[in-house]
Amino acid sequence: MEAINAVHVSEPGLVVVDVAAADDETAFAFHAALAAQWATTSVERTTRDAGQAGVRLRCYLNLRQPVNPPASQRGEALT
């Protein structure tokens, strides 16, 4: 994988996630779980390291931008 660029973690709440998984399906499922909660980059493919088992995937998250914010952040009354 490429080195992490300083701009990707230049502020609190920005995260670089490197995933190692047994297969593409598992890596993409994990990414989908992250993307359901936070703003994240899209991913189209995984990479394989020669001589290593499994696949790798990198994505970038912004924890400051929840996709499904709590009701209190949406201005809804809590019940």
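1. A polar contact of 2.6 Å links the side chains of R58 and D18; the term stands for a pair of N or O atoms within 3.5 Å, where within protein one must be able to donate a hydrogen and the other to accept it, and residues adjacent in sequence count only if both atoms are side-chain atoms. The two residues are 40 apart along the chain, with their C-alpha atoms separated by 4.5 Å. R58 belongs to strand β3. With a relative accessible area of 16%, R58 is buried (under 20% is buried, over 50% exposed, and partly exposed lies in between, using a 1.4 Å probe and protein chains only).

2. A word on the basis, as this is a predicted model: local features need pLDDT of at least 70, side-chain atom pairs count only at pLDDT 80 or more, and totals for chains, interfaces and linings use all residues. Residues are numbered from 1 along each chain as its sequence is written, and side-chain values use heavy atoms, with hydrogens and water left out.

3. Now the overall layout. The protein chain has two helices and three strands, in the sequence pattern β-α-β-β-α. These elements are DSSP runs numbered from the N terminus, with helices being H or I of at least four residues and strands E of at least two.

4. The three strands make an open sheet, ordered β1-β3-β2, with antiparallel pairing. β1 and β2 are at the edges with a single partner strand each, so one side of each has no neighbour in the sheet. On average, neighbouring strands are turned by 40 degrees against each other, direction ignored. Axes here are lines fitted to C-alpha atoms, for helices over the stretch in contact, and angles run from 0 to 180 degrees between N-to-C directions.

5. On the pairing itself, eight bridges join β1 to β3, and V19 has L57 as its bridge partner in β3. Strand β2 (residues 38–40) pairs with β3 over three bridges. For W38 the partner in β3 is P66, while for T40 the partner is L61. Two strands count as paired if DSSP finds at least two bridges between them.

6. Helix α1 lies across β1, β2 and β3, and runs at about 5 degrees to β3. What makes up the largest nonpolar core? Its 10 residues are V17, V19, A21, A27, L34, V43, V55, L57, C59 and L61. Two or more residues come from each of β1 (14–21), α1 (24–35) and β3 (55–66), and β3 gives the most, with four. A nonpolar core is a set of buried Ala, Val, Leu, Ile, Met, Phe, Trp, Tyr and Cys residues joined through side-chain atoms within 4.5 Å.

7. Contact means heavy atoms within 4.5 Å.

8. G13 sits in the segment before β1 and counts as partly exposed, at 25% relative accessibility. From G13 to L63 there are 50 residues in sequence and 4.9 Å in space, C-alpha to C-alpha. Not counting residues up to four places away in sequence, G13 touches L61, N62, L63 and R64.

9. Finally, some totals for your notes. Of the 79 residues in the protein chain, 23% count as buried. Among contacts between residues at least 6 apart in sequence, 57% join residues at least 24 apart. The protein chain exposes about 5600 Å², of which carbon and sulfur atoms supply 52%; areas come from the Shrake-Rupley method with a 1.4 Å probe, and for residues only the protein chains shown count as cover.
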